[in-house]
There are 2 protein chains.
Amino acid sequence: MVSIKDIARLAGVSASTVSRVLNEREYVRSEVRQRVLDIVKERGYVPNHAARSMVLQRSFTIGVVIPYLFNMFQRQLFAAMEFFLEQHGYKTQFFFLRWSESSEQAFLRRLKSEALDGIIFVHELDNPSIYHYIKEINLPVTLCTFERTEFGFPAVHIDEEASAKLATEYLIQRGHRDIGLITGEHFTFGYQREKGYKKALAAHGLPYNPELTIRAASYNPEAGRAGMLTLIKRKQPLSAVFAATDELAIGAIKALYESGVRVPADVSVVGLDDIDISSFTTPGLTTVRQPIFEMGKKSADLVCDWISRGHTTDKVEQFSTIIVERESVRTIG
Amino acid sequence: MVSIKDIARLAGVSASTVSRVLNEREYVRSEVRQRVLDIVKERGYVPNHAARSMVLQRSFTIGVVIPYLFNMFQRQLFAAMEFFLEQHGYKTQFFFLRWSESSEQAFLRRLKSEALDGIIFVHELDNPSIYHYIKEINLPVTLCTFERTEFGFPAVHIDEEASAKLATEYLIQRGHRDIGLITGEHFTFGYQREKGYKKALAAHGLPYNPELTIRAASYNPEAGRAGMLTLIKRKQPLSAVFAATDELAIGAIKALYESGVRVPADVSVVGLDDIDISSFTTPGLTTVRQPIFEMGKKSADLVCDWISRGHTTDKVEQFSTIIVERESVRTIG
DNA sequence: ATAGCTTCTGAAAAGGTTTTCATCTAGGTA
DNA sequence: TACCTAGATGAAAACCTTTTCAGAAGCTAT
């Protein structure tokens with residue numbers, strides 16, 4: 001590997017001068033500059049990243065921290081983040097937290113060992129000690145899909161509760177009274193969406209029947225399918241289901257189909273997220289759209305803002321959500 | 001940030017000794033070792049990654065290079081790779097190639113600037129110059145989803161052609177004669193799968209009708225939907241479609257459904273990949289299974305093998321594929 | 001002629017680690 | 001007693017950059 005010293009020697013100048021040329025500093029004769037540039041090009045010289053990041057005390061990379069459930073929603077979010085982070089000149093480094101103490105420790109170690117320039121947290125962590133640490137070392141950060149106002153971190157999110165309420169009310173307005181819920185555990189959004197569902201019922205004077213809610217093991221289609229199957233077994237009156245994520249909804253529809261229940265003729269289903277596969281299911285999934293791409297972009301912009309500005313902007317961006325009507329809901333009565 | 005020197009000072013020893021303790025070298029009194037370890041723990045010291053990687057001339061990270069089509073197949077592949085790479089003690093760094101000359105140059109620059117310990121290439125690149133360069137600098141590498149025997153790189157892949165042939169023959173054996181093809185461009189697997197389709201027709205004495213093949217703009221559901229729509233417009237006799245990827249198939253089914261054509265009653269569809277959403281579509285997608293998880297694992301194992309062994313194993317692992325029967329195909333006649 | 005700028009350049013330090021080499025001590029051997 | 005060896009430790013070099021500081025050369029203003 002060719003180093004800056006090699007270039008210096010070849011050009012008959014010092015390493016400092018080469019560095020000045022490369023970093024576009026002033027005070028170097030244009031004739032010298034050209035000579036150095038030529039040699040750099042000829043030899044294919046590229047600055048060593050480790051050396052640079054050591055002396056500069058930064059790594060030009062943003063960490064994206066995410067609990068290990070690598071689903072379709074996250075895929076879309078990542079694609080957006082990576083794209084815009086790169087536009088800002090940063091590399092993206094993913095950290096998949098695997099929900100164990102040791103994985104959290106490992107994360108903290110990596111956080112210290114690599115001089116990350118910033119972090120995006122996707123989904124809320126169980127253990128707030130990490131946030132305290134980040135706060136303490138004053139590392140640029142933004143939260144994505146949730147907020148924690150007490151830390152003063154910038155955040156981008158939707159109103160989870162209101163969105164779930166919107167989905168549920170959509171069903172109520174179409175005459176549904178016996179509405180099931182399939183949600184998951186461990187993540188705040190799961191609980192918030194459950195709360196939104198309950199609020200919708202309450203707002204319309206509908207009783208809450210615990211027999212109609214399923215707390216699935218995860219948020220993926222398989223969990224949705226299993227959840228729907230047990231819901232069916234309970235033999236409660238049921239005309240519609242709100243699934244807390246589109247993936248759960250897709251699984252639920254499959255379970256209904258397998259059980260000979262027609263969607264939406266017999267049971268209606270609405271999801272939340274609007275991942276891109278949702279417009280390709282049959283029937284098309286009626287759901288609440290979360291602007292995934294824009295949220296990814298905004299997250300990237302906010303960390304980079306903090307970094308370049310040198311201090312937090314403390315900005316919380318709440319994106320609004322809308323119903324997107326497809327074919328999985330019917331109007332009754 | 002606390003450095004090795006701080007620990008040394010605190011423990012009343014030299015930095016060398018601390019380093020020896022941390023790297024589990026011999027020749028350090030157990031009493032001293034314990035003292036150092038205690039202080040390391042107390043201060044939360046973690047070695048600086050940039051410094052280590054500079055002196056060691058390695059980065060403990062594997063690059064995963066992939067053309068920018070971040071689809072569901074790749075999501076599953078990534079999840080597997082990242083998981084096993086971490087088990088081997090490596091970090092994963094993704095490089096999304098965005099199909100421009102400049103993006104390839106940028107990739108090469110990053111390749112040189114970060115001392116990657118190894119690379120996994122997913123999907124074949126248009127431009128073989130990168131492979132030549134890798135070969136030249138003798139960087140541990142493995143190819144995933146394709147092979148290039150002339151370079152002697154280890155590879156994990158399936159027989160694309162045979163798998164497509166298998167899918168097509170499955171339709172032929174069920175009495176289908178007028179079989180459409182929806183594939184995509186730019187990627188070798190797309191062309192190989194097309195070839196497999198043609199071979200199946202030929203092997204069974206069926207004529208190849210170019211009016212029945214669609215070369216879609218991409219490999220995602222949207223492209224599949226658009227492709228199917230134009231195929232329908234051509235008004236050729238058609239009883240089945242082979243879609244080169246499951247995502248294309250999902251889009252095709254949607255288009256059929258929108259056009260009032262029943263699947264599988266009127267037209268049968270088979271895909272290839274068996275991504276995990278395929279068992280959740282309605283009807284369930286009959287497809288050819290590619291062992292995605294195992295392939296991801298194997299790719300990780302092979303690079304790590306090369307690294308630890310110090311020389312290439314030159315091993316090409318061809319995974320076998322099987323039909324997984326679901327509900328999107330009917331038997332006629 | 002002197003002092004004081006400007007422009008350009010190089011030497012050297014710094015950043016945090018690993019490793020080599022040298023040194024020191026204690027114990028064993030001739 | 002003199003010498004050697006093994007174990008334990010520290011000093012210093014090396015990895016590759018950037019940046020600070022100092023100095024040289026050429027110019028302008030006094």
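Helices (H or I, at least four residues) and strands (E, at least two residues) are taken as DSSP runs and numbered from the N terminus. The structure is a predicted model, in which local features need pLDDT of at least 70 and side-chain atom pairs count only at pLDDT 80 or more, whereas totals for chains, interfaces and linings use all residues. Residues are numbered from 1 along each chain as its sequence is written, chains are lettered from A and ligands numbered from 1 in the order in which they are written, and side-chain values use heavy atoms, with hydrogens and water left out.

Two copies of a chain are related by a rotation about an axis and a shift along it. Contact is defined by heavy atoms within 4.5 Å. Of the interface residues of chain A, 100% are also interface residues in chain B, so the copies meet through the same surface.

Sugar or phosphate accounts for 60% of the atoms of DNA strand C within 4 Å of the protein, and bases for the rest. A polar contact is a pair of N or O atoms within 3.5 Å; within protein, one must be able to donate a hydrogen and the other to accept it, and residues adjacent in sequence count only if both atoms are side-chain atoms. Phosphate oxygens of DNA strand C lie 2.9 Å from a polar backbone atom of A:S14, 2.8 Å from a polar side-chain atom of A:T17 and 3.2 Å from a polar side-chain atom of B:N23. Two or more residues of the surface near DNA strand C are given by each of helix 2 (15–22) and helix 4 (49–56) of chain A and helix 2 (15–22) and helix 4 (49–56) of chain B. Helix 4 of chain B provides the largest share, 5 residues. With Ala, Val, Leu, Ile, Met, Phe, Trp, Tyr, Cys and Pro counted as nonpolar, Asp, Glu, Lys and Arg as charged, and the others, Gly among them, as polar, the surface near DNA strand C has 15 nonpolar, 10 polar and 4 charged residues.

DNA strand D is surrounded by 28 residues, the closest being A:I4, A:Y45, B:S14, B:T17 and B:R29. Of the atoms of DNA strand D within 4 Å of the protein, sugar or phosphate contributes 63% and bases the rest. Phosphate oxygens of DNA strand D lie 2.9 Å from a side-chain N or O atom of A:S19, 2.7 Å from a backbone N or O atom of B:S14 and 2.7 Å from a side-chain N or O atom of B:R29. At least two residues of the surface near DNA strand D come from each of helix 2 and helix 4 of chain A and helix 2 and helix 4 of chain B. The largest share, 4 residues, is supplied by helix 4 of chain A. By class, the surface near DNA strand D comprises 13 nonpolar, 10 polar and 5 charged residues.

Helix packing was described by axes, which are lines fitted to C-alpha atoms, for helices over the stretch in contact, with angles running from 0 to 180 degrees between N-to-C directions. Angles under 35 degrees count as roughly parallel, over 145 as roughly antiparallel, 65 to 115 as roughly perpendicular and the rest as oblique. In chain A, helix 2 and helix 3 (residues 30–43) pack at an angle of about 85°, with their axes 10 Å apart. Helix 2 of chain A and helix 3 of chain A are therefore roughly perpendicular to each other. In this contact, A:T17, A:V18, A:V21 and A:L22 of helix 2 meet A:V32, A:R33, A:V36, A:L37 and A:V40 of helix 3.

How values were computed. A residue is near a molecule or strand if one of its heavy atoms lies within 4 Å of it.
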